[in-house]
Amino acid sequence: MLISKELEKAINAQIGREMGAAMQYVNIASYFEADDMLHFGRLFFDQAYEEYGHAMKFVRYVLDAGGQIAVPAIEQARADFKSPEDAVRAALGWEEEVTKQINALMDIAVKEKDYIAQEFLGWFVKEQLEEVAKMSTILTVLKRANGNLLMAETYVMNALTEIEDVEGGAG
C-alpha cells in the first residue's frame, strides 16, 4: 500500500469536502440563475462540475495507492444568499478554507516523506491559487460595478468567452 492510514483518512475527508463544495456551487449558481444572471450561473455551475472532478481525482488517487474509500457525510450547503456579493464572498471564503485543507494534506505528505502524495497534491496547491484569485477577482468586479449587475454580468460573459478561446485553442 502506497498511502498511510493517516493520509487515507485525511483524503477521504477531503473527498467529502470537495463534494460539499460542488453542492455549494450548485446553490450559488442557482441563486444567480433565479435572478436571471445567467453568465454568473454558468460560471458557478462550471465550478460545481470542477469540484466534483476534484473529488474524483482524490478517489482515484486513494484507490491507485491501495487505500480504501470512505466518504463521510456531507454537510448541507448554504443557500440563503442576500446579494450577488454575499454569494461570491461565500465562494471566496470557501476557496480560502479549501486552500488550508489542501495545505494540511501536503503537511501530512511532507511529514511522512510521501513523495508520490506530494507530487499529486502539488497540482491541488496550484489549483487553489487559481481558484482564490478567480473568486477574488469576481468579488472585486462586483464591488466596482457598484450595483450595476449588467456590467458585472458582461464582465463574466467576456471572461468565460476568453477561457473558451484559450481552452479551445482559438487565438
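User: Is Asp 36 buried or exposed?

Analyst: This is a predicted model, where local features need pLDDT of at least 70, side-chain atom pairs count only at pLDDT 80 or more, and totals for chains, interfaces and linings use all residues. Residues are numbered from 1 along each chain as its sequence is written, and side-chain values use heavy atoms, with hydrogens and water left out. Buried means under 20% relative accessible area, exposed over 50%, and partly exposed in between (1.4 Å probe, protein chains only). Asp 36 has 63% relative accessibility, so the residue counts as exposed.

User: Where is Asp 36 found?

Analyst: Helices are DSSP runs (H or I, at least four residues), as are strands (E, at least two), numbered from the N terminus. Asp 36 has a positive phi of about 60° although it is not a glycine. Its place is the loop between α1 (5–34) and α2.

User: And Asn 146, is that residue buried or exposed?

Analyst: Asn 146 sits in the loop between α4 and α5, and its phi is positive too, at about 50°, although it is not a glycine. Because its relative accessibility is 70%, Asn 146 counts as exposed.

User: How many helices does the chain have?

Analyst: Reading along the sequence gives the pattern α-α-α-α-α. There are zero strands, and the helices come to five.

User: Which residues is Thr 99 in contact with, leaving aside its neighbours within four places in sequence?

Analyst: Thr 99 lies in helix α3 (residues 84–111) and is partly exposed, with a relative accessible area of 21%. Thr 99 and Val 125 are 26 residues apart in sequence, yet 7.2 Å apart in space, C-alpha to C-alpha. Contact means heavy atoms within 4.5 Å, and with those neighbours left aside, Thr 99 is in contact with Gln 128 and Val 132.

User: Which element gives the most to the lining of the largest pocket?

Analyst: A pocket is an open set of points on a 1 Å grid over the protein atoms alone where a 1.4 Å probe fits, with protein on both sides within 12 Å along at least five of seven lines, and lining residues have an atom within 4 Å of a point. Of the 13 residues lining the largest pocket, the closest to its centre are Gln 47, Glu 50, Lys 134, Ile 163 and Glu 167. The elements giving two or more residues to this lining are α2 (38–64), α4 (115–145) and α5 (149–168). With five residues, the element that gives the most is α2.
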